[in-house]
Each structure stands twice: as structure tokens, then as C-alpha cells.
Amino acid sequence: MKEIFFDQIAIGEQLPSLTKPPITRTTLAYFCGASNDHNPVHIDSDFARAAGAADVFVHGMLDMAYMGQLLTGWVPQTAILSFGVKFGAIVYVGDSITCRGEVVDKTDDDGVYTLKLKLRAVDQHGESKLTGEAQLRVSAPKDAAQP
Amino acid sequence: MLDKTLIGKSFPALVVDVDRWQLKFFAKAVGEENPIYFDEAAAVAQGYRSILAPPTYGVTLGCAVPDPFARANAVGLDATKILHTAQSFEYFEPICGGDQITLVATITNVFEKRRGAFKFMVEETVATNQLGQLTTRFRQTVVERT
């Protein structure tokens with residue numbers, strides 16, 4: 001992973017996007033067990049239809065986990081100070097999620113260098129599914145770090 | 001009717017062992033490729049006690065109870081009809097395999113919109129590790145649409 005220096009990142013910079021494979025029913029079965037979210041609406045089509053949904057749908061926390069991978073693919077996880085999302089639209093089986101992030105602010109608070117990111121996940125049609133933001137701590141300006 | 005008297009109420013602490021096997025299963029479920037999330041040697045080489053719990057894992061730990069929807073039911077939401085609308089985390093110390101995490105959840109808000117057509121519950125959870133260190137504080141908003 002490339003180290004991120006405060007002075008080498010400009011407001012407006014885009015993170016490398018992350019596109020996940022289409023979500024299958026198998027993915028949902030795995031995530032049900034792995035995440036402890038056993039709500040049958042995500043894994044049992046009969047239950048989902050009886051509850052008024054067209055079919056099973058994706059756990060919001062799976063989409064958020066994908067967004068987390070966008071962040072941890074760019075900085076070490078311990079650099080993440082905060083991370084929040086709003087689940088805007090339901091994600092369905094077969095959807096492929098692309099996660100994007102953009103630097104929208106930079107702060108130097110007495111030597112604590114942070115970036116604020118705006119986050120968005122879209123499906124294969126470009127429809128927005130999740131929005132959010134994160135704050136990351138990054139390395140001091142590279143020039144200043146030189147002896 | 002929503003029970004707003006539960007606003008501010010904390011629930012009994014939940015103590016959860018962070019299971020390495022489940023962390024590896026989570027990594028498989030989300031298609032994780034970074035070995036610090038599933039390979040002990042890789043995690044230790046990066047300075048972690050053990051494999052690392054990913055950023056959203058606090059919610060998974062909080063669901064490690066027989067009925068994760070008990071609080072939603074307690075305030076009068078129908079757990080079979082709730083959707084997760086927002087989730088946020090603040091991070092302090094990392095959570096690793098083998099840790100023992102104590103989670104304390106507090107209902108911070110219960111409210112309605114559109115004359116009761118949308119019923120919301122917000123809860124905040126504080127997760128502390130076996131060393132007494134704060135690991136993460138997270139906030140969850142769910143809605144029931146009637």
C-alpha cells in the first residue's frame with residue numbers, strides 16, 4: 001500500500017474505485033452467517049415475498065463492508081478515524097456494486113493531518129445505492145517530514 | 001405506539017469473544033483479498049495481535065445474541081419490517097482475533113415521521129476490549145415502514 005502524504009493529495013482527488021462481482025444468493029448466505037445478521041429477508045425468498053418484497057435483498061452492511069474495502073485498499077485501517085453511510089436504495093441479487101470516494105476537505109490540526117472523503121456506491125446502471133463520508137488520518141507533508 | 005420512555009436507556013453489556021474462524025469467514029463472504037484479515041502471520045507481520053476485524057465488524061459483534069432485534073421490539077418496532085437506514089463508526093483501538101469485546105448499547109432516539117408512517121430508532125454502542133480500551137463507538141438507525 002502506498003503511503004498517503006498530506007501535501008500530495010488535492011481536494012477533488014478520486015480514490016481508485018472498487019467494483020465488486022455481482023452479488024449472488026450464495027454471497028448472501030455467506031454474509032448471513034459471517035455477519036450474524038440472520039434476518040431471513042436476506043436469504044429466504046419465500047419469507048421475503050410473504051413480507052411483501054419482490055425477492056431477497058442485500059444486507060446494507062454488506063454494501064458498507066464493500067465501501068470499507070475501498071478505504072482499506074487506500075489507507076491502513078488504523079488510519080480511518082470515522083466512517084458513516086446512509087443506505088439510500090435497496091441492492092438486489094445480481095447487482096454489482098462500485099464504490100467511489102473523493103477527497104472533499106483537508107485539515108491540519110496541530111500536526112494531525114486528516115482528509116475528509118465523500119463516498120458513494122452505485123450499481124451496474126449507475127444508480128446510487130449508498131452515500132457516506134469518512135475521515136482519515138494521513139502522513140505529515142512529505143517535505144516537512146524530511147530532516 | 002412507540003415507547004419513547006426507552007430513550008437514554010442502556011441495555012445489559014454484551015461480552016463477545018472475537019472468533020478467528022468467523023473473521024476468516026467474514027473475509028471470504030466479502031471477497032477480501034488483503035491477508036491481514038484472514039492470515040495470522042500476515043497480520044502479525046503488520047503489527048497486529050492477530051487477524052484484524054474489518055471496519056464494520058462492530059455491528060457483527062453487536063448481533064451476536066439470540067435476538068438482535070430485542071431492542072427494536074422493546075420500543076415497539078416490528079422487527080420483521082425494519083430497514084437499516086444509516087450506520088456510522090468512530091474508531092479508536094483496532095479489534096483483532098482473540099479479543100474479548102464488551103458492547104453497551106443505548107437507545108439515543110425514537111421518533112416518527114409522516115404521522116407515524118415511518119418509525120425510527122437510533123442506538124449508539126460503545127465497544128471496549130479486554131484491556132479496557134475503547135475500540136469503536138457506532139451509531140445505527142433503523143426504520144419501520146408501515
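From the N terminus on, the elements of chain B follow the order β-α-α-α-α-β-β-β-β, giving four helices and five strands. The model described here is predicted, and the predictor assigns the complex an ipTM of 0.95 and a pTM of 0.96. For chain B the average pLDDT is 94, with 100% of the residues scoring at least 70. The C-alpha trace of chain B spans about 55 × 30 × 25 Å along its principal axes. Of the 146 residues in chain B, 38% are buried. When contacts in chain B between residues at least 6 apart in sequence are considered, 70% join residues at least 24 apart.

Turning to the contact between the chains, 31 residues come from chain A and 27 residues from chain B. On the side of chain A that touches chain B, two or more residues are given by each of helix H1 (25-35), helix H3 (60-72) and strand S2 (80-87) of chain A. H3(A) provides the largest share of this side, with ten residues. By residue type, the side of chain A that touches chain B comprises 16 nonpolar, twelve polar and three charged residues.

S2(A) and strand S2 (residues 82-91) of chain B run antiparallel and are joined by five bridges. A:Gly84 has B:Ser88 in S2(B) as its bridge partner.

Helix H1(A) also deserves a look. Its buried residues are A:Leu28, A:Phe31, A:Cys32, A:Ala34 and A:Ser35. These buried residues of H1(A) pack against H3 of chain A, and also against helix H1 (20-29) and helix H3 (57-62) of chain B. Following H1(A) comes A:Asn36, which has a positive phi, near 70 degrees.

Finally, the nonpolar cores. The largest one has 63 residues, and those with the most contacts inside it are A:Tyr66, A:Met67, A:Ile80, A:Leu136, B:Ile51 and B:Leu52. The largest share of this core comes from H3(A), which supplies eight residues. Another core, of eight residues, lies apart from the largest one and includes B:Ala72, B:Leu77, B:Ile82 and B:Ile107.

Terms used. Residues numbered from 1 in each chain as written. Chains lettered and ligands numbered in written order. Predicted model: local features only at pLDDT ≥ 70, side-chain atom pairs only at ≥ 80, totals over all residues. Contact = placed C-beta atoms within 7 Å. Nonpolar A, V, L, I, M, F, W, Y, C, P; charged D, E, K, R; others polar. Pairing = 2+ DSSP bridges. Core = buried A, V, L, I, M, F, W, Y, C linked by C-beta atoms within 7 Å. Buried ≥ 20, exposed ≤ 12 C-beta atoms within 10 Å, placed from the backbone. pLDDT = per-residue confidence, 0-100.
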